[in-house]
Amino acid sequence: MPSTPTMDDLRTVSHDDVLADAEKRIGRVLNRDHAHYSRFNGTAGFPTSEGTWVRLAWCRPEQLSSSAWTGIEASVAIKGVPRPEWHASSQWHDPARGVVWRVDEMGHSTTTAVSPVGTVDHDPALSPTWWADLRSALSALAGHATERVCVRQEHLSARIRDVYGDEIDTTVPEWACAHGDVGWANVTAPAFMLLDWESWGRAPVGYDAACLWSASLAVPALAEHVRNEFADVLDTRAGRLSRLLLCANIERTQRRSGKKTAMFAPAAAASIELLSSLA
């Protein structure tokens, strides 16, 4: 547990009053002994007295994004993607902390996330059926029509230019609906489900597969498996730009922290190949 209290890791700050308020609003008792806290984004999850799952999140009012804040309920329109069923939500202002809280109740998945964090340090040895279910789900999602936006052209171009310069054309030729955060903490096994639907929307074709590829870079054989599994989208120009964006994100993280993760060297090598193919 970090020594410095931060709202980004709710374990480090007092919030019993928030949990009590959440229980009152949704009429459920939270099982606090089996809570799951994120260390980075200020969210927490709890099994409930009724066998459901409750997700708690907060946002500064001045930073509220209507798209991200309504992602969970908007996702009910998507067909063909296994995910927990959303039941209800409640939101309220907390002037003392200067935040808006949101609590969502949804079905509790009977299968668990592949990893407690977005990345892995070993091959999870998933079955061919699992990979087929993932492909089917991402294909169905890509075909969903939406005006929501997950990745903007301006963001992709600026991030790539910041890290690699402006020698390549970063214009994305193809866009499709995407989950936007397909990492190993948001996919379950052995039965496949896709979790956490806050920020889905339009992104470059292949972006979801690129996210999983990026999250697998610490295990080269797994990253190569993802690349081969989704070669039809990852080897398009949009898919290559998606991968380059994610490599740029890894590079920027290293610059800020000064620490090279296990993904840094594979991402740096991949970026050289991608820049060459995009030139």
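1. A polar contact is a pair of N or O atoms within 3.5 Å; within protein, one must be able to donate a hydrogen and the other to accept it. That cut-off is needed for the second point. The model discussed here is predicted.

2. Start with T146. The side chain of T146 comes to 3.0 Å from the backbone nitrogen of R148.

3. Where is T146 found? T146 lies in the loop between α4 (128-142) and α5 (153-164). Its relative accessible area is 18%. T146 is therefore buried, since buried means under 20%.

4. Not counting residues up to four places away in sequence, T146 touches C177, W200, G201 and R202.

5. Now V151. V151 also sits in the loop between α4 and α5. Is V151 buried or exposed? At 5% relative accessibility, V151 is buried.

6. Which residues does V151 contact, leaving aside neighbours within four places in sequence? They are W175, R202, A203, P204, Y207 and L245. W175 is 24 residues from V151 along the chain, and their C-alpha atoms are separated by 9.6 Å. R202 is a partner of V151, and T146 touches R202 too.

7. L245, in contact with V151, falls within helix α9 (residues 237-257). Helix α9 has 21 residues. From first C-alpha to last, α9 reaches 30 Å, close to the 30 Å expected at 1.5 Å a residue.

8. What follows α9? G258 does, and the phi of G258 is positive, near 75°.

Methods. Residues numbered from 1 in each chain as written. Predicted model: local features only at pLDDT ≥ 70, side-chain atom pairs only at ≥ 80, totals over all residues. Heavy atoms only, no water. Helix = DSSP H or I, 4+ residues; strand = E, 2+ residues; numbered from the N terminus. Buried < 20%, exposed > 50% of the residue type's maximum accessible area, 1.4 Å probe, protein only. Contact = heavy atoms within 4.5 Å. Expected span 1.5 Å × (residues − 1).
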